[in-house]
Amino acid sequence: MSEHHHIIPLKIYFIVAGILFFLTGVTVWVSYIDLGFLNIVIALLIAGTKATIVALFFMHLLWDDKKNLIAFVLSLMFLAIFMIITMSDTEFRGAINPEIKDPINKRAAFYDSLPLTDDHGNPIHEDGSHESGDKDDHH
Amino acid sequence: MSHNKSSPDFLYHHFYDVNQQYETSKLGMWGFILTEVLTFGALFVAYTVYRAWNPDMFINANLLLDVNKGLINTIVLIGSSLTMALAIWAIQLKKKKLSLIMLFVTFICAAIFLGIKYLEYEHKFHLGQLPGEYYSYMGPEIANMNNPHIFFSIYFIMTGLHGLHVAIGMGLIAWLMYLTARDKLHSAYYTPMELVGIFWHLVDIIWIFLFPLFYLIG
C-alpha cells in the first residue's frame, strides 16, 4: 500500500542532526569574534544552510514530488518581494525630504530620567548638537 | 462512492486512490506552510526595518538576553526535530512502540523549550524589559542606547508567536500519540504524522533564524 513512500535510511537522519548541532556551535563561536558587518552575513548564511538542510531532509522535500518544493520556494520569493519593497521605502525616506528622515522625538518620553545620547552613546543636547570633546568625531 | 470493497477504510470517497489522497494532503499542508512563512515574514521585515533604523541600539540591547538559554533551546529544538523525523521513520517500518517513544521525547523537548522560555520571560517581566509603553528597565546597561523598548517589542512578539506555535505543536503531538496508540495510524496510513512533522520542522526553521538574530548579534 505505502510502497511508493520513500523510507529514508536512519543514518541520514543522524548525519543531518549532527551537521545541525555542529553548525549551531559554529554560529555561536563566530558570534564572539568581531568581524564588523560580516557577523550578520555569516550568521544568516549559517542559519540559511541549517534551514535548507531541515527542509530538504527532515521535511522530505528532497524526495517529495517537486510541487511541494515549489510551494515553499514561492513563499520565500514572496517574502523577498515584501522585504525589498518595504526597505526601498523605509531606507530612503530622507532622499526626498531630509526632514522626515529622523523621528521628531529622539526617544520615548519614559526615558527622560536618562541623558540623551546619540547612536554611539555620546551625550547630545536637546537641540541636537554634540557636547565638546566628543571622542568619536576626531577623524 | 465508487470504491470497491478492497479500498482501505482510511481512503475518503472523493479521492481516486491512497496515493492521490496522500499527495493532496501534503500539498495542502505546504500551502499552509506558505502562509506561515508570510506571517513570520512580516515580523522578520519589521525586525529588518527597525534594526536598519537603530543599528547600535539592537547590538547593545541584545546583550540583555541570555545566550546560554537561547543555545540550550536551539539544541532542544533541533533534537526534537530529529525525534519527530524518527517517529515517522519508525511508523513507516511498523515499529509502533518506537514511534510512540519518539513522539513522547518530542513532546518532552517541546515542554523543556517552553519551560526555558518561561524562565526568560519571567526574568524580563521582573526587570521591566517589556515591549512598548510597558518598558520600565532603566539599569546602567541602557545608558548608551536609545529606545531599547523597540528591541523588546520585536523580541516578545516574534518569540511569543513562535512559542505559541510550539504550544500548538505539543497539542498536535499529543493527538498523534493518541492516534498511534489506538492504531489509527500505521505503516499504510500515517499522513497526519507526516503533516505535523512538516509543521514541527517549520517551527524549528523559524527558531534557527530567531536564535542568531536575537541572541548572537552582539
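Read along its sequence, chain B follows the pattern α-α-α-α-α-α, and its secondary structure comes to six helices and zero strands, where helices (H or I, at least four residues) and strands (E, at least two) are DSSP runs numbered from the N terminus. This is a predicted model, in which local features need pLDDT of at least 70 and side-chain atom pairs count only at pLDDT 80 or more, while totals for chains, interfaces and linings use all residues. Residues are numbered from 1 along each chain as its sequence is written, chains are lettered from A in the order in which they are written, and side-chain values use heavy atoms, with hydrogens and water left out.

Along its principal axes, the C-alpha trace of chain B spans about 75 × 30 × 25 Å. Of the 218 residues of this chain, 58% count as buried, a word that stands for under 20% relative accessible area, whereas exposed stands for over 50% and partly exposed lies in between (1.4 Å probe, protein chains only).

Two residues in the loops of chain B deserve a look at their backbone angles. B:Lys94, in the loop between helix 3 and helix 4 (96-127), has a positive phi of about 65 degrees although it is not a glycine, and B:Lys94 is exposed, with a relative accessible area of 69%. B:Asn147, which is found in the loop between helix 4 and helix 5, also has a positive phi of about 65 degrees without being a glycine, but B:Asn147 is buried, with a relative accessible area of 10%.

The next topic is the interface with chain A. Here 65 residues of chain B are in contact with 61 residues of chain A, contact being heavy atoms within 4.5 Å. Together the two chains bury about 5,400 Å², 74% of it on carbon and sulfur atoms; this buried area is the accessible area (1.4 Å probe) that two parts lose on being put together, summed over both.

Across this interface the rule finds two salt bridges, each a side-chain nitrogen of Lys or Arg within 4 Å of a carboxyl oxygen of Asp or Glu. In a salt bridge, the side chains of B:Lys26 and A:Asp64 meet at 2.8 Å, N to O. The elements that give two or more residues to the side of chain B that touches chain A are helix 1 (18-53), helix 3 (67-92), helix 5 (148-181) and helix 6 (191-215) of chain B, and helix 1 gives the most, with 20 residues.
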